[in-house]
There are 2 protein chains.
Amino acid sequence: MTVAARGLPARVRIHEVGARDGLQNEKTAVPTSVKAEFVHRLADAGLSTIEATSFVHPKWVPQLADAEQLFPLVAGLPVALPVLVPNERGLDRALALGARRVAVFASATESFAKANLNRTVDEALAMFEPVVARAKAADVHVRGYLSMCFGDPWEGAVPLPQVVRVCRALLAMGCDELSLGDTIGVATPGHVTALLSALGSQGVPVDALGVHFHDTYGQALANTLAALQHGVTTVDASAGGLGGCPYARSATGNLATEDLVWMLQGLGIDTGVDLGRLTATSVWMADRLGRPSPSRTVRALSHKDPQEQ
Amino acid sequence: MTVAARGLPARVRIHEVGARDGLQNEKTAVPTSVKAEFVHRLADAGLSTIEATSFVHPKWVPQLADAEQLFPLVAGLPVALPVLVPNERGLDRALALGARRVAVFASATESFAKANLNRTVDEALAMFEPVVARAKAADVHVRGYLSMCFGDPWEGAVPLPQVVRVCRALLAMGCDELSLGDTIGVATPGHVTALLSALGSQGVPVDALGVHFHDTYGQALANTLAALQHGVTTVDASAGGLGGCPYARSATGNLATEDLVWMLQGLGIDTGVDLGRLTATSVWMADRLGRPSPSRTVRALSHKDPQEQ
C-alpha cells in the first residue's frame, strides 16, 4: 500500500554508488565490458545519478584501474556520472575524459584520514582545495564525501562539532554537495537527527546534504527515514547492496538501492526507478560476481512464491 | 553515540518470539533441553517477556511438540512466559501446566485465515471467543496476534478498515494486548503510521498495541521507528532473527532482537537487555542449528575486527 508521506519529501534523488563504491570492494575481477553494461542497466532502470568509477591510483584500488577505458563506454548516457578523484592527478585524468561531476573523499576523523589517506584531516582538506577550485573553475560539479561521520572503528562515537567543522570546510572550498557517511554502519536514527540539526544550526543548508548509510547493524533504512524526516532528499545506495568498507571486515555493504526504493515507493516518494528492472540488474550482477545479492528486497523479489503475484 | 530521543518512549518492552515463532519455522530438530537453555539464556540476557512455546497440535507444528516437556523447565524463570494456544484444547494444556499468559493467533485476511486455520476470519474469532473468556476467567493475560495486517500474499494490500474490525473484535472479547503482524514483510513506514492512526481514531488505545515486523524487504526497523514515533512501546523480535513465515518461502525471518536493541540503545530507549549476552546466545543457538544468524548485528558483533573495540 502506498501511503502519501506527510512531512517527507515528494521526491528523492538516489545517488547510485554500486559501480564505484560497490565494485571497488569486490574481490572478483569484473571485466570493463561488464562494468559498462552494469552502468547502462542502472541508467535503464531509471537511476539518474550513477557514480561510475574512481580515478584513484590503480595501486590502491586495482578493481577500478580501468577507469580510462570504462568512462568513454558510459559517458554518452543521459544521466549524471560523477567519478571519484583523490587528488589533482585524478582530476586531470577525469577532466581529460570530459567528466562533468567529480567527488572527493574526506574523513571526519584523524584515524581514518591517516588510514585511508595517510594524512591528517587538515592535510587532506588542503590537498582537496586545489582539486575543488580547479573543478569549479571548469564548471564541474563537486561532491564531498565525508567518512566516519557517526562512529569510527578506532575513535568510537565522533563528536558532532568535529563533523560540522569538516563539512563547513568542504562547503567553504566550493563543494556543491556533501555525502555524510556512516562508514562502519553504527549510527542510529537519533544520532542522524542530532548531526543534521547541528549542521543546520551552523548554517549548512539541508539541500546540500546527502546521506550514505551502511547496513552493518541493520540500521541503514531506519537512519534514512530519520534523514528524510529532517528534509534530506539525496540518499546514497548501492544496487544489490554491493560493497563495504575495506577497513572493517565486519562492515557489510552499503544500503541496498532496492531496499531503499521499496521503502520510498511505499511512502509515495518519487525516485524515477523501476524496481523490477533494478532487481533484474542486481541479480545479473550477482551472477557475474558468483554470489547472491545481500539485498533483502532483491532476494524476496527474485524468489517469489508461486502464489505471490 | 546515544542520543536521547525526543518524542519517543523512554522504555520499550521487547516481546521475544525466537523460542516459539523462531523455532517453529526451523527445519532442524532442536532437543527440548536446548530449547530450555535458550529460554534461560534469553532471560539471563534481560528479556522480560519470552514466548516459550505453542500448544498447537503436534501434527501442525511438530517442532514444538514437546511443549508439555519444555514448559516446566522454564516456568520458574522470573519473566513473563506467554504460550500460543490455538483453541480450547490448547488452553487446557497450557492452564494445566500453570501458564499465566497465553496468545491466540488471528488473521486480518480471509485468505490467510483459510490457509492457516481453515476457517473464515469470523469463524476463527468465534473459535477464540471461549478461549479468551476462559483465560480471562482464570486471570490469565491474553495476547491476540493478528497476521497479515499490511499485505497478504494472495490479496495484496490489506484495507485498513478490515484490520481495524478484527482488532476491535479481539479487544472486545477480552484480549489484553494485540500484536499487529506484517507477516510477509511488505509494509513501509507510512503504512504503519496509517494503520496506527486508523486504530487510534476508532478508539483502540496505543498501549494495547504491539508491532511484529518481518525483514523480508529490509523494512522492519524503519517500520519499528515509525511505530515508536506513534507511541507504540511493545515490539516483537526474534533473537538472532530466527524464523519466518511458512506460507511464503521468500519471507525471511522476524526482526532480529539484536538489530532492534542496537537501534533502541542508540536512541537512549531502555530495554533492560544486555546486547553482549543476547548476541552470545544467538551465536550459540546458530551453532546448534548449524547455520549463521541472519541478524546483521549478531554478525557484526561476533566478527569484530582486531582494531575495533
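Strand S10 (residues 209-213) of chain A is largely enclosed by the rest of the structure, because five of its five residues are buried. Here buried means under 20% relative accessible area, exposed over 50% and partly exposed in between, with a 1.4 Å probe and protein chains only. Leu209(A), Val211(A) and Phe213(A) point one way from S10(A), whereas Gly210(A) and His212(A) point the other way, and all are buried.

This is a predicted model, in which local features need pLDDT of at least 70 and side-chain atom pairs count only at pLDDT 80 or more, while totals for chains, interfaces and linings use all residues. Residues are numbered from 1 along each chain as its sequence is written, chains are lettered from A and ligands numbered from 1 in the order in which they are written, and side-chain values use heavy atoms, with hydrogens and water left out.

**Sheets and helices**

Helices (H or I, at least four residues) and strands (E, at least two) are DSSP runs, numbered from the N terminus, and two strands pair if DSSP finds at least two bridges between them. Strand S9 (residues 177-182) of chain A pairs with S10(A) in the parallel sense over five bridges, and Leu180(A) stands opposite Val211(A) in this pairing. Both strands belong to an open sheet of nine strands in chain A, with the order S2-S1-S11-S10-S9-S6-S5-S4-S3 and parallel pairing. The edge strands of that sheet are strand S2 (49-50) and strand S3 (53-54) of chain A, each of which pairs on one side only. Two bridges join S3(A) to strand S4 (residues 83-84) of chain A, and these strands run parallel; Ser54(A) stands opposite Leu84(A) there.

Helix H5 (residues 110-117) of chain A packs on the sheet and touches strand S5 (101-107) and strand S6 (141-147) of chain A, where contact means heavy atoms within 4.5 Å. The direction of H5(A) makes about 125° with that of S5(A); axes are lines fitted to C-alpha atoms, for helices over the stretch in contact, and angles run from 0 to 180 degrees between N-to-C directions.

In chain B, nine strands form an open sheet with parallel pairing in the order S2-S1-S11-S10-S9-S6-S5-S4-S3. Strand S2 (49-50) and strand S3 (53-54) of chain B stand at its edges with a single partner strand each, so one side of each is left without a neighbour in the sheet. His15(B) stands opposite Thr49(B) in S2(B).

**Phe71 of chain A**

Phe71(A) lies in helix H3 (residues 67-74) of chain A and is buried, with a relative accessible area of 3%. Leaving aside residues up to four places away in sequence, Phe71(A) touches Phe55(A), Leu81(A), Val83(A), Leu97(A), Gly98(A) and Ala99(A).

**Cavities**

A search of the whole structure finds four cavities of 30 Å³ or more. On a 1 Å grid over the protein atoms alone, a cavity is a set of points where a 1.4 Å probe fits but cannot get out, and lining residues have an atom within 4 Å of a point. Grid points are joined across faces, edges and corners, and a volume is the space filled by probe spheres set on the points.

| Cavity | Volume |
|---|---|
| Largest cavity | about 90 Å³ |
| Second largest cavity | about 60 Å³ |

The lining of the largest cavity includes Asp215(A), Arg296(A), Asp215(B) and Arg296(B).

Methods: On a 1 Å grid over the protein atoms alone, a cavity is a set of points where a 1.4 Å probe fits but cannot get out, and a pocket is an open set with protein on both sides within 12 Å along at least five of seven lines; lining residues have an atom within 4 Å of a point.
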